[in-house]
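Please look over the sequence and the structure shown here before reading on. The report is meant for a reader who meets them for the first time.

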Amino acid sequence: MKPKGKVNIEWSSDFAYAIGLIVSDGNLSPSGRHIVFTTKDEEQANTYKRILKLTNTIGRKSNGRSKDKKYYVIQFGDVQFYSFLSMIGIHPAKSKNIGVVDIPEVYFFDFLRGTFDGDGCTYSYWDPRWKKSFLFYLAFSSASLTHITWLRGTISTLVGVAGHVSRCKNCPCYQLRFGKREAVKVIRKMYRVKNSACLSRKKLKINQSLAIMDEPSVE
């Protein structure tokens, strides 16, 4: 008998966002059926559960170095969804071996928003040399240079911005970074759909920086 899948495998803005979350904060077990998602944000765990229409309980766990259960985790078994993830380029122990992920171009920036909410960040500061110069950056991180290079190439093709790849100083990761005007162009694509699924605290931080730059906020 063919196993029945829990997840409805159908591309949409929300579904692509959830795939981005799996690439950044998810894990495929060697069992060939279980998918685990771990995050520090309860909101993100609930969004992931809602999009994939899961009924599994969201648990709590520690990071192994502390007894404090600061992380939210949701695990479920679905052979069909597991097989689908493998087919598009997501495999067990993916952190260092992930490369290209087969995302339909129309949903690429929804996927990118998911990876940003998982492993991305923005940071900004006033240039100490020129007090009126506000510096703003959008960054994506991965332990896989192949994956970062693919992200950079795809974003460059679709948006026309170059970005810059560097090795992180305090961890064995690579960072793809866009500065100010390039960052704003990518952000506009990521949040092009009004009220799209996202992590609210990161969206708020982006809008605070956009306001300083006299740029319209994202909705």
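## Basis of the report

This is a predicted model, in which local features need pLDDT of at least 70 and side-chain atom pairs count only at pLDDT 80 or more, while totals for chains, interfaces and linings use all residues. Residues are numbered from 1 along each chain as its sequence is written, and side-chain values use heavy atoms, with hydrogens and water left out.

D78 lies in the loop between β4 (71-77) and α3 (79-87), where helices (H or I, at least four residues) and strands (E, at least two) are DSSP runs numbered from the N terminus. D78 is buried and yet has no salt bridge, since the nearest side chain of opposite charge, K6, is 7.2 Å away. Here buried means under 20% relative accessible area, exposed means over 50%, and partly exposed lies in between (1.4 Å probe, protein chains only). A salt bridge is a side-chain nitrogen of Lys or Arg within 4 Å of a carboxyl oxygen of Asp or Glu; Lys and Arg count as positive and Asp and Glu as negative, whereas His and the chain ends are not counted.

The side chain of D78 does reach the backbone nitrogen of F81, at 2.9 Å. When residues up to four places away in sequence are set aside, D78 touches G5, K6, V7, R33 and I35, contact being heavy atoms within 4.5 Å.

## Aromatic rings

A search of the whole structure finds 14 aromatic pairs. Rings of Phe, Tyr and Trp (its six-membered ring) pair if their centres lie within 6.5 Å, and planes under 30 degrees apart count as stacked, over 60 as edge-to-face and the rest as tilted. W11 and F15 form an edge-to-face pair, because their ring centres are 5.2 Å apart and their planes stand at 85°. W11 counts as partly exposed at 22% relative accessibility, whereas F15, at 3%, counts as buried.

F15 also pairs with F84, and this pair is tilted because the centres are 5.8 Å apart and the planes are at 50°. The pair links distant parts of the chain, with F15 in helix α1 (residues 13-25) and F84 in helix α3, 69 residues apart. F84 is buried as well, at 9% relative accessibility. Ring pairs link W11, F15, F76, F81 and F84 into a cluster.

## Charges over rings

R177 lies over the face of Y137, at 4.8 Å from the ring centre, and K202 lies over the face of F116, at 5.0 Å from the ring centre. A charge sits over a ring if NZ of Lys or CZ of Arg is within 6 Å of the ring centre and within 35 degrees of the ring normal.

## Salt bridges

The count of salt bridges comes to seven. In one of them the side chains of E215 and R181 meet at 2.8 Å, N to O; E215 lies in the segment after α8 (200-212) and R181 in helix α7 (residues 180-190), so the pair ties together parts that are 34 residues apart in sequence. E215 is partly exposed at 23% relative accessibility, and R181 is partly exposed at 47%. E215 also meets R188 in a salt bridge (3.4 Å, N to O).

The side chains of K194 and E219 form a salt bridge as well, at 3.5 Å, N to O. This pair links K194, in the loop between α7 and α8, with E219, in the segment after α8, 25 residues apart. K194 counts as exposed at 56% relative accessibility, while E219 is partly exposed at 45%. Salt bridges that share partners join D110, R113 and R192 into one network.

Notes
Polar contact = N/O pair within 3.5 Å; in protein donor to acceptor, adjacent residues only side chain to side chain.
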